Amino acid sequence: MTRKAPIHWSTLPPRQRERLIVLLSRLVEHRLSAVGTAEENADEHRPPPVYRAPANPTYGKIQSSHLQRQAVVYVRQSTLQQVERHQESTRLQYALVDRAVELGWSPSQILLIDEDLGRSGASAEGRPGFQRLMAEVGLDHVGIVLGIEISRLARSSRDRDQLLEVCGLFNTLIGDADGIYDPQTYNDRLLLGLKGTMSEAELHILEQRMLEGKRAKARRGELHSLLPRGYVRAPSGEVIKDPDAQVRGVIETVFRQFQRCGTINGVLRYLVDHHIQLPDRVRSGPRTGEPRLASPQPRDAEQPAAQPHLRRCLRLRTSPHGSTPSPAGTPSTGRTVAPPQQWRC
């Protein structure tokens, strides 16, 4: 059997080339349409895609090693006035105990720390509750620390960073009203730091706005603050001496004794020895403005000399050269008083 020689494209006549091109194009078109129909039929019988939600990030961070330790609920408000008037905030913070139970801790494992109610979070000094929290975390007794927000734990960046460092070292979680955070994780550590920085900046901005408002009122002569004993505010807004003759007599006695002995303690001793009570007026309630007598105290003897009120000046109590830190546990803030020539009027 003889084998035919292959036919080359270049040897074909032009008409046969055109016919071959048409046949090949029809063949390719038919094959493509067949493939598309098969894929459409397969798509009709293919089950629809199912959306799978990601694992809960909150519960995924809580491990058995955390549940074996305590859950600490930290409760704090800055002032006693807030504790008395803002009771809803206090209830929300105490309700974190129920959240700890929802997260998996038993009631016997929950430690409630509320010794810092009425204490400022500006520093760890003078906050026994925060110091107790740091000690419990450092002893590896705590699996999670719960607070209504990061600013409740600490307002100072130094104290906040120290807490995050200790929690990260002992694998202790931190939770607030928005979620659960792991200080060992970079993203969570970054988010906690941003929240703390924002709360600290917000506090600074509010303080600056209030101070600027006071300065604006002082420049207009409209800054009305509490007056010392012996002075009243007239309906026109002018500060005058108390119209009561007995009140004026006691105040003049205080000034005379101060000129004589030169010390507040000497004035106080004189008032106590002679059974002289200092006059005052009721500042709130249904009897506002009525005169009353009270036993002298050291701060009461200082009040009559509070001349900045009469000058309608805003007294800047912080020295421009900075403040001197006071020992822990002392009532003084360590701030220095600027000289009168630096007061802003």
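## A charge and a ring

Which residue lies over the face of F130? In this predicted model, the residue is R127, placed at 4.4 Å from the ring centre of F130. Pairs of aromatic rings are another matter: the count of these comes to zero.

## Helices α7 and α9

Two packed helices are described by the angle between their axes and the distance between the axes. Helix α7 covers residues 128-138, and helix α9 covers residues 157-169. Their axes come within 9 Å and cross at roughly 25 degrees. Angles under 35 degrees count as roughly parallel, so α7 and α9 are roughly parallel to each other. The crossing of these two helices is left-handed.

On the α7 side, the contact is made by F130, L133, M134, V137 and G138. On the α9 side, D159, Q162, L163, V166 and C167 take part. By class, the residues of the contact of α7 with α9 are seven nonpolar, two polar and one charged.

## Helices α9 and α10

Helix α9 also meets helix α10, which runs over residues 186-220. The axes of α9 and α10 come within 11 Å, with a crossing angle of roughly 160 degrees. That angle makes α9 roughly antiparallel to α10, because angles over 145 degrees are counted that way. The crossing of α9 and α10 is right-handed.

Which residues of α9 meet α10? They are S157, R160, L164 and E165. Across from them in α10 are R189, L192, G193, G196, T197 and E200. The contact of α9 with α10 has two nonpolar, four polar and four charged residues.

## Helices α11 and α12

Helix α11 spans residues 245-261, and helix α12 spans residues 264-273. Their axes come within 8 Å and cross at roughly 125 degrees. This angle makes α11 oblique to α12. The crossing in which α11 passes α12 is right-handed.

From α11, the contact uses T253, V254, Q257, F258, R260 and C261. From α12, it uses I264, G266, V267, Y270 and L271. Sorted by class, the residues of the contact of α11 with α12 are seven nonpolar, three polar and one charged.

Key:
Residues numbered from 1 in each chain as written. Predicted model: local features only at pLDDT ≥ 70, side-chain atom pairs only at ≥ 80, totals over all residues. Heavy atoms only, no water. Phe/Tyr/Trp six-rings, centres within 6.5 Å; stacked < 30°, edge-to-face > 60°. Lys NZ or Arg CZ within 6 Å of the ring centre and 35° of its normal. Axes fitted to C-alpha atoms, helices over the stretch in contact; angles between N-to-C directions. Helix = DSSP H or I, 4+ residues; strand = E, 2+ residues; numbered from the N terminus. Parallel < 35°, antiparallel > 145°, perpendicular 65-115°, else oblique. Left-handed = near helix turned anticlockwise from the far one by under 90°. Contact = heavy atoms within 4.5 Å. Nonpolar A, V, L, I, M, F, W, Y, C, P; charged D, E, K, R; others polar.
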